[in-house]
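Here is a short briefing on charge pairing. Please look at the sequence and structure below before reading on.

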Amino acid sequence: MKDNQHEQLVTELTPEQGAVIEGGAWLYLYKATAIKAGADFGWSNGDDVYARINGDKTSTTNDVDTGETANFFQWKQFSGTASINLFDSDGGLAGDDDSLGGFTVGTTPTNGSKTKRISGSGSIYDVTYAVYA
């Protein structure tokens with residue numbers, strides 16, 4: 001007689017749960033604080049900031065000026081690496097948006113939040129995130 005108990009346990013896992021068992025991790029993207037918001041033209045236009053985590057777009061925070069923060073509070077499960085890229089939305093086609101910079105993280109836990117400085121298109125941001133295994 002075959003023991004189905006172990007087989008059922010494995011087959012009931014979602015792909016995301018399986019990734020964690022195979023060495024995956026969770027990324028939590030907290031926020032991005034503008035050290036210098038300069039991607040939009042004009043003295044009264046702040047950056048319209050959104051992030052892409054492995055290609056998935058977060059919501060956009062409009063009119064972020066120097067010293068202000070775009071809060072993301074976004075979870076993303078991944079295995080291997082996760083890329084975090086910030087953009088200034090220009091309201092047109094996605095290819096028209098300005099890159100504000102980005103970075104990649106691995107599955108090694110950060111043991112609390114970390115901050116990474118990025119820059120692009122005339123802007124500088126401190127991005128706060130954490131990785132959990």
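A search of the whole structure finds two salt bridges, each defined as a side-chain nitrogen of Lys or Arg within 4 Å of a carboxyl oxygen of Asp or Glu. This is a predicted model: local features need pLDDT of at least 70, side-chain atom pairs count only at pLDDT 80 or more, and totals for chains, interfaces and linings use all residues. Residues are numbered from 1 along each chain as its sequence is written, and side-chain values use heavy atoms, leaving out hydrogens and water.

**Aspartate 56 and lysine 76**
- Aspartate 56 forms a salt bridge with lysine 76, with the closest N and O atoms 2.4 Å apart.
- Aspartate 56 sits in strand β3 (residues 56-57) and lysine 76 in strand β5 (residues 69-78), so the pair ties together parts 20 residues apart in sequence.
- Strands are DSSP runs (E, at least two residues), numbered from the N terminus.
- Aspartate 56 is partly exposed, at 41% relative accessible area.
- Buried means under 20% relative accessible area, exposed over 50%, and partly exposed in between (1.4 Å probe, protein chains only).

**Aspartate 126 and arginine 117**
- Aspartate 126 forms a salt bridge with arginine 117; their closest N and O atoms are 2.7 Å apart.
- Aspartate 126 counts as buried, at 17% relative accessibility.
- Arginine 117 counts as exposed, at 52%.

**Aspartate 48, without a salt bridge**
- Aspartate 48 is found in strand β2 (residues 47-53).
- Aspartate 48 is buried yet has no salt bridge.
- Its nearest side chain of opposite charge, lysine 57, is 11 Å away (Lys and Arg count as positive, Asp and Glu as negative; His and the chain ends are not counted).
- Aspartate 48 touches residues including Asp40, Asp63 and Asp88, not counting residues up to four places away in sequence; contact means heavy atoms within 4.5 Å.

Key: Helix = DSSP H or I, 4+ residues; strand = E, 2+ residues; numbered from the N terminus.
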